[in-house]
Amino acid sequence: MEKLLRNLVKLAAKVYYNIIYGKKKEFKYIPASGKVLSYEELANMIDASLDMWLTSGRFNEKFEKEFAKFLGIKYALTTNSGSSANLLAITALTSSKLGEKSLKKGDEVITVAAGFPTTINPILQQGLVPVFIDCEIGTYNIDANKIEEAITSKTKAIFLAHTLGNTFDINKILEICDKYKLWLIEDTCDALGAKYNGKNAGTFGHISTYSFYPAHHITMGEGGAIATNDAQLYRIIMSCRDWGRDCWCPPGKDNTCQKRFKMQLGNLPFGYDHKYTYSHIGFNLKITDWQAAIALAQIKKLPEFLSKRMENANFLTQKLKDLDQYLILPKVNENSIPSWFGYLISVKSNDKFSKQELVEYLESNNIGTRQLFAGNVLRQPMMTENDILLRIGSSELLNSKNLTEEHYKMLPNTDFIMNNTFWIGTFPALGFEELEKVSHIIHKFIEERIEK
C-alpha cells in the first residue's frame with residue numbers, strides 16, 4: 001500500500017512538472033550560471049519527504065558512496081556548502097590527532113589572492129598566515145614556478161582552487177609538497193569532473209572540496225562535499241563536521257563500534273557515553289536527506305553536463321578567436337581536460353575600451369557576466385579594514401591594513417585579473433543560439449569602439 005501511495009503522489013507530481021516546467025526555457029537574459037533540473041530531482045525530493053526523516057539518511061548515505069565512486073576516491077562526506085568544506089579541510093589539519101604534522105597558529109599556507117574568499121577565510125579563521133603567490137594569465141591558476149621562493153620553515157600547506165574548472169599544475173605542486181612535506185588541499189568547488197593525467201581533479205591532494213550550490217556542475221541547492229583517501233583524515237573531518245564528537249555513528253544508529261560504554265577518553269570517567277564524547281572543537285555542518293536526494297539524481301547526469309560545458313566553451317573559443325588582438329581567451333593547462341565552470345576572458349590593454357565598458361555593455365544587452373570573484377582579495381575591505389598577518393611571495397610578514405600600492409604591485413597578474421578579466425556562462429542549459437548572441441554582442445561592441 002505504501003509503495004502504491006508513493007507512486008500516486010509522484011505521478012501527480014510528474015503531471016505538475018510537465019505542465020509547469022516541461023517547456024524548454026527561453027532566455028531573455030543569458031545568465032553566467034544556472035541549474036538544470038528535471039522530474040528525477042523532484043521525484044527524489046518527494047521520496048525523501050515521504051520518508052519523514054528530517055536529517056541525513058538513506059539518500060545521503062547512497063550519494064556519498066556514489067560521489068566517492070565517481071571521483072575514484074575512498075571517502076566522501078557531504079556538508080552544507082563548499083565554503084564549509086573548505087573550513088573543514090583546514091580545521092581537520094589543525095587536529096592534535098595529527099601530532100607534529102598538525103597545523104599550529106602562525107603556520108603558513110600558500111594560496112592565491114585571485115579567487116573566492118572562502119578559500120582564504122579558513123586560513124585566517126584558524127590563526128594561520130596566508131602566503132600569496134601571483135597567478136598566470138590565461139590559465140588564471142597559481143604560477144607554480146614562484147612557490148618555492150616563498151617557502152619558509154613555517155610553511156606547512158598549500159591550499160589552491162582549480163580556477164573555473166581548469167586544473168593548476170598538479171605535477172609541479174605535488175613535487176613541491178613531497179619535497180617540503182606540505183599538506184595539499186585541492187579546492188575543486190569549480191572543477192568537478194576536470195581531469196589531470198587522466199585522473200579526476202580532487203584525487204591528488206590530501207583533501208579536496210566541492211560545492212553543490214545551484215551555479216555549480218551539479219547542485220543540491222545549498223551543499224558541498226569533502227573527500228580524501230586518508231582514513232585518519234576522514235575520521236577527523238567527520239568529527240569536525242559533526243559537533244566535534246569522537247563517535248562516528250550515523251544519525252539514528254548507536255554503538256556501531258560496540259564500545260559505546262567501554263572507553264576512557266580525556267579526563268572523563270571510564271564508560272562515559274562515547275556518543276557524547278568530543279575530541280575536536282567542531283561545528284554542525286551536515287545536510288538533510290532532501291539535499292542528498294537532489295544530488296543523487298544530478299550525479300547521474302554529470303557526464304552529460306560536463307560534455308555540454310566543454311562543447312559550449314569550445315564554441316565560444318571558435319567564435320571569439322578572431323578577436324585575439326583585443327581579448328585573451330582561456331588557456332588549457334598541459335595534461336588537463338577542464339570542466340568549465342565559466343569562460344574567462346581578459347581584455348588586453350588598449351586605448352579603445354576597458355573591461356568595465358565591455359562588461360557594462362554585455363549586461364545592458366541582457367548577457368550575464370561575473371568577475372573572477374574577489375579579483376585581488378588584498379584590496380577587499382575584509383583585508384583593508386582588519387589587522388591580518390600575511391606574506392606576499394618571499395616578503396616579510398605584513399599587516400593587511402598597512403598594504404600600499406607597492407605591495408599590490410608584487411602581484412601584477414592578480415591586479416591585471418582584477419582590472420581586465422571577467423567570465424561568461426557555459427552551463428548546460430545554454431545552447432549555441434544563446435552563445436551565438438553572446439559572440440555577436442561582443443563583436444558588435446568591439447567593432448563600434450574600433451571605428452570611433
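Trainee: What makes D169 a contact of A144, Y196 and N333?

Mentor: Contact means heavy atoms within 4.5 Å, and D169 meets that with A144, Y196 and N333, leaving aside residues up to four places away in sequence. Along the chain D169 and N333 are 164 residues apart, while their C-alpha atoms are separated by 7.1 Å. This is a predicted model, in which local features need pLDDT of at least 70 and side-chain atom pairs count only at pLDDT 80 or more, while totals for chains, interfaces and linings use all residues. Residues are numbered from 1 along each chain as its sequence is written, and side-chain values use heavy atoms, with hydrogens and water left out.

Trainee: Where is D169, and why is it called partly exposed?

Mentor: D169 sits in the loop between strand 4 (155-161) and helix 6 (170-180). Helices (H or I, at least four residues) and strands (E, at least two) are DSSP runs, numbered from the N terminus. As for exposure, buried means under 20% relative accessible area, exposed means over 50%, and partly exposed is in between (1.4 Å probe, protein chains only). D169 has 30% relative accessibility, so it counts as partly exposed.

Trainee: What makes strand 6 and strand 11 a pair?

Mentor: Two strands pair if DSSP finds at least two bridges between them. Strand 6 (residues 195-196) and strand 11 have two bridges, in the antiparallel sense, with K195 opposite I337 of strand 11. They belong to an open sheet of three strands, ordered 7-6-11 with antiparallel pairing.

Trainee: Which strands stand at the edges of the four-stranded open sheet, and why?

Mentor: That sheet has the order 10-12-16-13, with antiparallel pairing. Its edges are strand 10 and strand 13 (370-371), because each has a single partner strand and one side is left without a neighbour in the sheet. Strand 13 pairs with strand 16 over two bridges, and Q371 is opposite F422 in strand 16. Helix 10 lies across strand 10, strand 12, strand 13 and strand 16, at about 20° to strand 16.

Trainee: Why are helix 10 and helix 14 called oblique?

Mentor: Axes are lines fitted to C-alpha atoms, for helices over the stretch in contact, and angles run from 0 to 180 degrees between N-to-C directions. Helix 10 (residues 355-364) and helix 14 (residues 432-451) have axes that come within 10 Å and cross at roughly 130°. Angles under 35 degrees count as roughly parallel, over 145 as roughly antiparallel, 65 to 115 as roughly perpendicular, and the rest as oblique. The two helices are therefore oblique to each other.

Trainee: Which residues make that contact, and how do they divide?

Mentor: E357, L358, Y361 and L362 of helix 10 meet I441, I442, K444, F445, E448 and R449 of helix 14. Six of the contact residues are nonpolar, none polar and four charged. Here Ala, Val, Leu, Ile, Met, Phe, Trp, Tyr, Cys and Pro count as nonpolar, Asp, Glu, Lys and Arg as charged, and the others, Gly among them, as polar.

Trainee: Which residues of helix 13 are buried, and what covers them?

Mentor: In helix 13 (residues 412-420) the buried residues are T414, D415, F416, I417 and N420. Their cover includes strand 10 (327-328), strand 12 (342-347), helix 10, helix 12 (405-408) and strand 16 (421-425).
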